[in-house]
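The exercises below are meant to be worked with the sequence and the three-dimensional model side by side. Try each task before reading its solution.

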There are 2 protein chains.
Amino acid sequence: MAGGGSDEVKLLGMWASPFVLRVKLALSLKGVGYEYVEEDLKSKSELLLKSNPVLQKVPVLIHDGKPICESSVILQYIDEAFAGVGPSLLPEEPHGRAVARFWAAYIDGTLVKASSEASMAKTEEEKAEGKKQVAAAVETLEGALRDCSNGKPFFGGDTAGYVDVMLGGLLAWVNAADKMKGVKTFDPATTPLLAAWADNFGSLDAVEAVMPDESKLVEFAMAMHARAAAAAAGATN
Amino acid sequence: MAGGGSDEVKLLGMWASPFVLRVKLALSLKGVGYEYVEEDLKSKSELLLKSNPVLQKVPVLIHDGKPICESSVILQYIDEAFAGVGPSLLPEEPHGRAVARFWAAYIDGTLVKASSEASMAKTEEEKAEGKKQVAAAVETLEGALRDCSNGKPFFGGDTAGYVDVMLGGLLAWVNAADKMKGVKTFDPATTPLLAAWADNFGSLDAVEAVMPDESKLVEFAMAMHARAAAAAAGATN
């Protein structure tokens with residue numbers, strides 16, 4: 001299957017979602033054209049509810065009228081359905097594909113999980129534990145990058161691939177959160193490969209073209225935190 | 001890549017693990033020969049620690065000296081590395097593959113998660129909530145089976161595929177837990193398709209060949225519960 005005309009590919013998304021960003025990154029890196037539809041998550045469209053009745057979440061990719069849900073599933077779909085268009089996200093040989101899928105699962109199952117637990121931590125003890133878990137996951141990913149990249153800039157080698165996109169989707173949020181907290185998650189002192197990776201990935205033309213505006217993201221995050229704090233303090237909505 | 005001689009495929013497992021069972025099921029359904037190595041999880045082998053340094057868990061498949069970890073990753077690897085051997089687990093066309101991956105992710109992300117939360121519930125309220133979540137996930141899977149199977153017996157259609165193996169790995173535990181509690185998770189009254197699926201899947205020769213003994217599993221589960229109860233009561237190990 002080839003193609004990629006914007007008339008047949010539609011992405012239902014929300015501009016600040018790291019999971020939607022993954023799909024934008026994959027489509028951009030492969031050069032697949034698409035129509036983007038911004039969803040209001042407080043009032044989801046009929047199309048979203050019909051396309052993803054189980055999770056009712058973005059991103060949803062609709063290709064030739066058929067919906068595909070879950071960012072990691074969508075990325076693999078894009079790689080397979082547009083195999084003839086642009087660079088491949090996954091390598092061809094089965095072991096390389098398995099290694100990429102392992103790290104993709106690690107990013108969601110360990111790094112994203114630890115980050116979201118850390119962000120919901122209430123006590124100082126929980127916060128410290130959350131930070132420790134995130135740091136440990138980042139350190140593990142530094143080792144993964146060393147092993148996968150073989151001295152090349154990306155998890156995918158010379159070009160950004162599946163793992164790069166899975167992690168790269170989080171990059172805008174990592175950068176925004178770092179700016180708010182005055183920290184450096186991919187610290188050149190402790191994780192030099194990931195720090196260089198973040199610079200290299202972030203400056204790819206295909207990536208710059210779809211990255212959300214960082215200051216807008218900081219503003220969005222601060223408003224979100226304020227709402228959460230107000231809710232925790234028992235304020236009414 | 002073809003092959004499947006038992007000299008080149010090794011599975012590190014633990015007999016009662018539903019995730020290991022998935023790999024056994026996939027190898028059995030495809031007819032790939034392998035050497036099975038039972039691990040003592042209280043004293044993990046050097047080979048396990050070296051092959052899965054990040055998670056240190058079974059199952060690990062070692063093929064031509066290269067380790068592959070995580071059951072869902074291993075199943076896709078088996079399908080790709082032994083593409084010429086036996087039936088395919090995933091369909092060929094991209095949308096069907098995406099749908100299968102979506103339901104595989106749902107089984108681990110929703111059903112397994114809800115079951116494990118339910119089993120760790122302490123209060124009656126938590127137990128009731130856990131049961132409700134499991135029942136909702138099973139009901140959703142009934143709908144998935146209706147949509148995927150198209151009137152055929154398996155998620156994969158006429159033959160058991162990726163989703164069948166992902167869910168089928170849990171079947172021995174579901175049956176053992178049902179027996180202990182006197183319930184029916186895949187109840188013919190409420191989820192007739194899944195109830196028939198469980199019978200059909202469980203009576204395939206390739207499945208019967210690798211299913212663990214149910215009474216041994218009940219015994220194992222009861223010993224596990226007793227240890228957990230003793231620990232909760234403050235007894236020493």
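**Exercise 1. How many salt bridges are counted between chain A and chain B, and what else describes their interface?**

Step 1. The count between chain A and chain B is four salt bridges, a salt bridge being a side-chain nitrogen of Lys or Arg within 4 Å of a carboxyl oxygen of Asp or Glu. One of them links Arg101(B) with Glu80(A), whose closest N and O atoms are 3.0 Å apart.

Step 2. A caution about the source belongs here: this is a predicted model, in which local features need pLDDT of at least 70 and side-chain atom pairs count only at pLDDT 80 or more, while totals for chains, interfaces and linings use all residues. Residues are numbered from 1 along each chain as its sequence is written, chains are lettered from A and ligands numbered from 1 in the order in which they are written, and side-chain values use heavy atoms, with hydrogens and water left out.

Step 3. Across the interface of chain A and chain B, eight residue pairs are in polar contact, both residues being at pLDDT 80 or more; such a contact is a pair of N or O atoms within 3.5 Å, where, within protein, one must be able to donate a hydrogen and the other to accept it, and residues adjacent in sequence count only if both atoms are side-chain atoms.

Step 4. On the side of chain A that touches chain B, β4 (66–69), α3 (71–81) and α4 (94–120) each supply at least two residues, and α4(A) gives the most, with eight residues. Helices (H or I, at least four residues) and strands (E, at least two) are DSSP runs, numbered from the N terminus.

Step 5. For the extent of the interface, 23 residues of chain A are in contact (heavy atoms within 4.5 Å) with 23 residues of chain B.

**Exercise 2. Is Arg97(A) buried or exposed, and which residues does it touch?**

Step 1. Arg97(A) belongs to helix α4 of chain A. With a relative accessibility of 12%, Arg97(A) counts as buried, because buried means under 20% relative accessible area, exposed over 50%, and partly exposed in between (1.4 Å probe, protein chains only).

Step 2. Once neighbours within four places in sequence are set aside, the contacts of Arg97(A) are Glu80(A), Leu90(A), Pro91(A), Glu92(A) and, from chain B, Glu80(B).

**Exercise 3. How do β3(A) and β4(A) pair, and what lies in the turn between them?**

Step 1. Strand β3 (residues 60–63) of chain A runs antiparallel to β4(A), the two being joined by four bridges; strands pair if DSSP finds at least two bridges between them. Within this pairing, Leu61(A) stands opposite Ile68(A) of β4(A).

Step 2. The two strands form a hairpin with two residues between them, and Asp64(A) in the turn has a positive phi of about 50°.

**Exercise 4. Where are the cis peptide bond of Val58(A) and Pro59(A) and the positive phi values of Gln56(A) and Asn150(A) found?**

Step 1. The bond joining Val58(A) and Pro59(A) is cis, with omega about 0°, and Pro59(A) is found in the loop between α2 (46–51) and β3 of chain A. In chain B, a cis peptide bond likewise joins Val58(B) and Pro59(B), with omega about 0°.

Step 2. Gln56(A), in the loop between α2 and β3 of chain A, has a phi near 55° and counts as partly exposed at 34% relative accessibility.

Step 3. Asn150(A), in the loop between α5 (124–149) and α6 (162–181) of chain A, has a phi near 55° and is exposed, with a relative accessible area of 66%.
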